[in-house]
Amino acid sequence: MTAEFGAWPLLLLAIAATYLWRGLGVLVSTRIDPRGAVFRWVTCVSYAMLAGLISRMTIMPLGILAEVPLADRLAAMVIAFLVFFGWRRKVLPGVAAGVVALVLLTLARRGGWLGF
Amino acid sequence: MRDEGQGRGSVIPEPVPRNIVRRAVLDALGMPSLVLLASMTGFGSLARESALGLEIALLATAGIWGLPGQIALAELYAAGSEIVAVVMAVSLANARFLPMAVSFMPLLQPGLARRGWLYVLVQFISVNTWAAGLRVCPGLPGVDRRRYFAVFGTVCMTAALVGTAAGHMAAGALPQPVTYGLVFLNPIFFALIFADARDRATAFALLIGAVVGPPLHLVSPDWSLLATGVIAGTAAFWLARLPWPGTHP
C-alpha cells in the first residue's frame, strides 16, 4: 500500500506540470495575432511535434509495445495507411485494419506460422 | 458549413443537424469516442498492472488528458523512478499542448466576455478535439464554437473515463496481443487523422517531424519532442514560404 500512497502527490504534480503548457498556451494565444507569421510558425511546431510523437511511438515505443517486433509495427502502420487511402480516406476501416493486423501478426509469431 | 477542412474524411453522414449541441455530440460519438474508449482501455489495464488504483487512473485520464503522458506516468511509476524525473517526463511528453493551445484557442475567443473560460476550455485540448475543433469551429459563430468544443470535449472525456475504468477492471483478462493492439491503436489513429493534410506548411511539418523525431529521441528522450517541434516546425515554416511553382504570393 505504500506504492498507492505515493501515487497521489505524484499524480497531482504531473497534472499541474501538464496544465502548465495548456495555461501558458492560452496566455500566449491572447497576445499574438492569429493571422501573423508567429501564429503560423507555432502551428507548424504543433504538427511537427505530433508527427515526431507518432513516429517515435511506432519506431521506438516505450513500454509494452517494445515487445512487438519493429517489422510488425511498421507493417501494421503501412496496412492502416493502405486501407485508409484505398477506402476513400475513411479513418475507421484504416484504424481497424492496422489494429487487427498487429494482433494477427503477434498471434502468427506465437504460433510459429511465420517461420521465424 | 461542414467542409472547411478540405473535406477531410467523413466524420458524420449528411444531413448536418442544425442544433450545435446535437452536432457536437454526434461528431464525438463516432470515431473519436470509439478510439478513446479502446485506447484508454489499454491505459486502464496498464495502470492496473503498474499498481495504480482506479481513482488514480481516472484522475490521470481527466487531469493529464494526453495518452503519451499518461503512459509515461504509469510506466515510470512502476519502474520506481524519482518523483522529479516522472513529473518532468510526463510534462515534456505533453509539451505539444503549448503550441496546440496557441494555434487553437484564438478560435474560441470571439465574443467571449470573460477570458477566464479559456483557461477551463483549454483542458479539453487533445489531438482528437484539436483536430475536430480546427476543422469545424472556423465555420461557426463565436458562441457556437465554444459550445461545440465544450460538448465535443465532454463526450470524448466521458468515453475515455469509461474506457479507463473498463481497462482497469479487465486488466489481466485481456489477452496480451489484444493489449498490444489497443495500445497501438493510438499512434495509428493519430497518423490517419493527419494523413491527408493538404496545406503545404502542415505537410512539411508532419513529414520533417516524423523523420527527425526518432533520431532526436536517441539523443535525449526527455527533450526530443520539444526539439523536434522547434527544429522541424521552423524548417517547415521556412520551406513553405519559398516561392513554390503554382502559388500566388
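Predicted model: local features only at pLDDT ≥ 70, side-chain atom pairs only at ≥ 80, totals over all residues.

Biologist: What is the mean pLDDT of chain A?

Modeller: Chain A has a mean pLDDT of 87. In that chain, 92% of residues reach 70 or more.

Biologist: Which helix of chain A has the lowest confidence, and which the highest?

Modeller: Helix H1 of chain A, residues 2-29, is lowest, with a mean of 86. Helix H3 of chain A, residues 70-86, is highest, at 95.

Biologist: And what does chain B average?

Modeller: The average pLDDT for chain B is 86. There, 91% of the residues score at least 70.

Biologist: Where in chain B is pLDDT below 50?

Modeller: Residues 1-10 of chain B are one such stretch. The model still gives that stretch 20 contacts beyond near neighbours in sequence. Residues 12-17 of chain B also stay under 50. Those residues have 10 contacts beyond four places in sequence.

Biologist: How should low-pLDDT coordinates be read?

Modeller: Not in detail, where pLDDT is low.

Biologist: Switching to the chain pairing. How many residues of chain B are in contact with chain A?

Modeller: On the chain B side, 88 residues; they meet 74 residues of chain A.

Biologist: What area is buried there?

Modeller: Chain B and chain A bury about 7,500 Å² between them. Carbon and sulfur atoms give 79% of that.

Biologist: Which three residues of chain B supply more of its buried area than any other three?

Modeller: B:Tyr180, B:Phe184 and B:Leu192. Together they supply 10% of the area that chain B buries against chain A.

Biologist: Which helix gives the largest share of that side?

Modeller: Helix H10 of chain B, residues 176-193, with 16 residues.

Biologist: What classes of residue are on the chain B side?

Modeller: There are 60 nonpolar, 21 polar and seven charged residues on the side touching chain A.

Biologist: How many salt bridges between chain B and chain A?

Modeller: Zero salt bridges. The two chains do have 15 residue pairs in polar contact, both residues at pLDDT 80 or more.

Biologist: Now the domains. How is chain B divided?

Modeller: Domain 1 of chain B covers 20-195, and domain 2 covers 196-249. Their C-alpha centres lie 24 Å apart.

Biologist: How many residues are in contact across domain 1 and domain 2 of chain B?

Modeller: Eight residues of domain 1 contact seven of domain 2. The two domains bury about 630 Å² between them, 65% of it on carbon and sulfur atoms.

Biologist: Which helix gives the largest share on the domain 1 side?

Modeller: Helix H5 of chain B, residues 83-93, with four residues. By class, that side of domain 1 has eight nonpolar residues, no polar and no charged.

Methods: Residues numbered from 1 in each chain as written. Chains lettered and ligands numbered in written order. Heavy atoms only, no water. Domains from an automatic or database assignment. Contact = heavy atoms within 4.5 Å. Buried area = accessible area lost by both parts, 1.4 Å probe. Helix = DSSP H or I, 4+ residues; strand = E, 2+ residues; numbered from the N terminus. Nonpolar A, V, L, I, M, F, W, Y, C, P; charged D, E, K, R; others polar. pLDDT = per-residue confidence, 0-100. Salt bridge = Lys/Arg side-chain N within 4 Å of Asp/Glu carboxyl O. Polar contact = N/O pair within 3.5 Å; in protein donor to acceptor, adjacent residues only side chain to side chain.
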